[in-house]
Amino acid sequence: MLVIAPVAVVLVAENKGHIAAISSYMKRDLNPHLGRAYLGDAVATFVSAMGGGTPQTTYAENMGVMAITRVFSSYNFVMAGAIAVLLGLCPKFGALIQSIPNPVLGGVTLILYGLIALMGVKIWQDAKVDFADHRNMVVAGASLIAATGLGVKGVTVGGTNIAGIALGTVLALVLNLAFSIGTPRRGAGEPMPGA
């Protein structure tokens, strides 16, 4: 439990980022729905844990698809999820997916992850993050390199593998907290100085 529980902190930050990115693309404030998003992740994680699974979260890849198609209807994603579950039970469909050449999958992956990275940049722009401030540059730069450089392989600590994106998120949280110590708190309406 002590090894897996901290992952929930990463998932909370990731979920907030996903909501911010989708809000930006929809040009609509989705923050009032953040509690429901957290509850959905909590329920999914609970169900997963009951079967010995890992914590669950929304997938950034879906945001890439939404950005390309401009389709944001949750009903479409419920239907897509139901169809995916049904197709997952069909071995012939799995064989069909396995037959897709690696360069094609690589191209799709390149586009989707590129969109995810740009969504993060757009969030920074919308939040007017000051990259002239060295603290913001260190937080953003170190976390991006950790997340992308370690990728899916990640790093293994004490027998537990931590994916690059999780390590990058934790690094951003820790660095931002460390740089916030001794920094005066901002008042209501003031721009946020940190990342």
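This is a predicted model: local features need pLDDT of at least 70, side-chain atom pairs count only at pLDDT 80 or more; totals for chains, interfaces and linings use all residues.
Q: How many helices and strands does the chain have?
A: The chain has eight helices and two strands. Read from the N terminus, the order of elements is α-α-α-α-α-α-α-β-β-α.

Q: What should the span of helix α8 be, and what is the distance between its end C-alpha atoms?
A: The expected span of a helix is 1.5 Å times one less than its number of residues. Helix α8 covers residues 164–180, which is 17 residues, so it should span 24 Å. Its end C-alpha atoms are 24 Å apart, which agrees.

Q: What does "buried" mean, and which residues of α8 are buried?
A: Buried means under 20% relative accessible area, exposed over 50%, and partly exposed in between (1.4 Å probe, protein chains only). In α8, the buried residues are Gly164, Ala166, Gly168, Thr169 and Leu175. Ser180 counts as partly exposed, because its relative accessibility is 37%. Across the chain of 195 residues, 21% are buried.

Q: What does the side chain of Ser180 lie 2.6 Å from?
A: Start with the term. A polar contact is a pair of N or O atoms within 3.5 Å; within protein, one must be able to donate a hydrogen and the other to accept it, and residues adjacent in sequence count only if both atoms are side-chain atoms. Here a polar atom of the Ser180 side chain lies 2.6 Å from the backbone oxygen of Asn176. An α-helix has 3.6 residues a turn, so residues three or four places apart point the same way.

Q: Which residues does Val10 contact, beyond its neighbours within four places in sequence?
A: Contact means heavy atoms within 4.5 Å. Val10 lies in helix α1. With those neighbours left aside, Val10 touches Ala166, Thr169 and Val170. Val10 and Ala166 are 156 residues apart in sequence, yet their C-alpha atoms are 6.2 Å apart in space. Val10 is buried, because its relative accessibility is 7%.

Q: Is Ser143 buried or exposed, and which residues does it contact?
A: Ser143 sits in helix α7 (residues 134–150). At 10% relative accessibility, Ser143 is buried. Leaving aside neighbours within four places in sequence, its contacts are Val138, Gly168, Leu171 and Ala172.

Q: How many salt bridges does a search of the whole structure find?
A: Side chains of opposite charge can pair when their charged atoms come close. The rule for a salt bridge is a side-chain nitrogen of Lys or Arg within 4 Å of a carboxyl oxygen of Asp or Glu. The search finds one. Arg135 pairs with Asp133, and the closest N and O atoms are 2.7 Å apart. Arg135 is partly exposed at 23% relative accessibility, whereas Asp133 is buried at 13%.

Q: Which residues form the nonpolar patch on the surface?
A: Patches are made of residues with over 30% relative accessible area and no salt bridge: like charges are joined within 9 Å, nonpolar side chains (Val, Leu, Ile, Met, Phe, Trp, Tyr) within 5 Å. Accessible areas come from the Shrake-Rupley method with a 1.4 Å probe; for residues, only the protein chains shown count as cover. Leu39, Val43, Phe46, Val47 and Met50 form the patch, with about 560 Å² of accessible area together. Phe46 lies in helix α2 (residues 34–50). Phe46 is exposed at 54% relative accessibility.

Q: Where is Lys27, and what is its phi?
A: Lys27 is in the loop between α1 (7–26) and α2. Its phi is positive, about 55°, although Lys27 is not a glycine. Lys27 is exposed, with a relative accessible area of 72%.

Notes: Residues are numbered from 1 along each chain as its sequence is written. Side-chain values use heavy atoms; hydrogens and water are left out. Helices (H or I, at least four residues) and strands (E, at least two) are DSSP runs, numbered from the N terminus.
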